[in-house]
Amino acid sequence: MFGFGECYGVFMCSVWMWLVCVCSVCLGLVALSSVVALGANIICNKIPGLAPRQRAICQSRPDAIIVIGEGAQMGINECQYQFRYGRWNCSALGERTVFGQELRVGSKEAAFTYAITAAGVAHAVTAACSQGNLSHCGCDREKQGYHDHEEGWKWGGCSADVKYGVEFSRRFVDAREIKKNARRLMNLHNNEAGRKVLEERMKLECKCHGVSGSCTTKTCWTTLPKFREIGYVLKERYGVAVQVEAVRATRLRQPSFLRLKQSHGYIKPTDTDLVYLERSPNYCEEDVATGSAGTRGRLCNHTSPHPDGCGLMCCGRGHDTHQYTRVWQCNCKFQWCCFVKCNTCSEMTEVFTCK
Ligand SMILES: *[C@@H]1O[C@H](CO)[C@@H](O)[C@H](O)[C@H]1NC(C)=O
Ligand SMILES: *[C@@H]1O[C@H](CO)[C@@H](O)[C@H](O)[C@H]1NC(C)=O
Ligand SMILES: *[C@@H]1O[C@H](CO)[C@@H](O)[C@H](O)[C@H]1NC(C)=O
């Protein structure tokens, strides 16, 4: 199974995975201070695939690199949750061949991956700022002490500084787009869409003050949404992702903007559209070129008519049945005094995997 505390090697050798691997394996749960003590140079040089500007940020802000890794991992975990029943389950998009490089495909799935990791980094950085875990940032200062007489409440407490988190994500995540091609435009657009969705979902929380709970004064602050919510919104955006093509401002110049492919004239995608360049493969067979891991060996559900059903999941190749005995404690009763007595129950269970 997938343990996120561990490094799964070159399986997903994007910058993100390496960051996470470096963070969780080499550094374990060491405190931030020892990370800094280990030396920014050592850590930043050990992370393969960092773009030059990312390496510079890593060296000047080693405390942030851990948070960035956690944010990216949160994005990937959410991606795996959202796609757990799909043929594509957020696994490798062809990284094996592009050691330490960015995803090489322009599919909808790549679009989702970029958006969710960019949002994850912004979310994690913002949260770390609010909790005082990062130098250079804290609560949103613009929202301190300001009194809105009309609305009858004032800013108080610690408002999450999402602008800082978003700006940080923009500086770090976007810095890996160094090639000047259509995919760069696609990736930047999707990164921005992920962050925009996060900004739009910020919440206002308020508290009443006054005798016995009366609301004579009210203080309010902004908080981050749960990341799960961002996952669901981006999954929806993925469902209605739009195909785009890059347009060159003049012949010979590099691609300069994106327009909807099936449109007359130059209609640009909206800020929160996820955009893709290439149609997705069906993810049935392994194919490094398209970023498909195939579905051989995947668990499937014998009775489900949905994409997790063996028919759809296994693409008609059929499935293997594995039987095993499931054992668990049951009929537990509390006995005076003081222990719990249980029976052992067992049941034959079957699991199915794709051929
Ligand atoms: C902040 O640091 C504390 C203590 O190291 C840690 O438990 C917490 O998870 C951190 N919070 C964030 C958002 O990184
Ligand atoms: C995703 O699919 C791949 C390829 O079929 C499989 O090896 C991997 O274990 C799956 N991951 C999860 C989290 O289910
Ligand atoms: C399989 O799918 C059926 C129908 O959708 C569902 O009721 C059942 O709980 C699923 N089984 C497992 C093990 O997920």
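Contact, in these notes, means heavy atoms within 4.5 Å. Helices (H or I, at least four residues) and strands (E, at least two) are DSSP runs, numbered from the N terminus.

**Ground rules.** I'm working on a predicted model, where local features need pLDDT of at least 70, side-chain atom pairs count only at pLDDT 80 or more, and totals for chains, interfaces and linings use all residues. Residues are numbered from 1 along each chain as its sequence is written, chains are lettered from A and ligands numbered from 1 in the order in which they are written, and side-chain values use heavy atoms, with hydrogens and water left out.

**Helix α9 and α5.** I started with α5 (residues 62-82) and α9 (residues 227-239). Their axes come within 10 Å and cross at roughly 55 degrees; axes here are lines fitted to C-alpha atoms, for helices over the stretch in contact, and angles run from 0 to 180 degrees between N-to-C directions. That angle makes α5 oblique to α9 (under 35 degrees is roughly parallel, over 145 roughly antiparallel, 65 to 115 roughly perpendicular, the rest oblique). I noted the crossing as right-handed, meaning the near helix is turned clockwise from the far one by less than a right angle. On the α5 side I listed Met74, Gly75, Glu78, Tyr81 and Gln82, which meet Phe227, Arg228, Gly231, Tyr232 and Lys235 of α9.

**Helix α9 and α6.** Next I looked at α6 against α9, where the axes come within 10 Å and cross at roughly 155 degrees. That makes α6 roughly antiparallel to α9, and this crossing is right-handed. Among the α6 residues that meet α9 are Phe112, Ile116 and His123, and the α9 residues they face as a group include Phe227, Gly231 and Lys235.

**Ligand 1.** Which residues surround ligand 1? I found Ala127, Ala128, Gln131 and Asn133, near meaning a heavy atom within 4 Å. For polar contacts (a pair of N or O atoms within 3.5 Å), a side-chain N or O of Gln131 sits 2.6 Å from a nitrogen atom of the ligand, and one of Asn133 is 2.3 Å from a ligand oxygen. Taken alone, ligand 1 exposes 360 Å², and the protein buries 39% of that (Shrake-Rupley, 1.4 Å probe).

**Ligand 3.** Asn301, Thr303 and Ser304 surround ligand 3. I put a polar side-chain atom of Asn301 at 2.4 Å from an oxygen atom of this ligand. Alone, ligand 3 exposes 360 Å², of which the protein buries 29%.

I checked the peptide bond between Cys337 and Cys338: cis, omega about 25 degrees. Cys338 is in the loop between β11 (319-335) and β12 (339-354). His136, in the loop between α6 (108-130) and β1 (147-148), has phi near 75 degrees, positive in a residue other than glycine.

Methods: A polar contact is a pair of N or O atoms within 3.5 Å; within protein, one must be able to donate a hydrogen and the other to accept it, and residues adjacent in sequence count only if both atoms are side-chain atoms.
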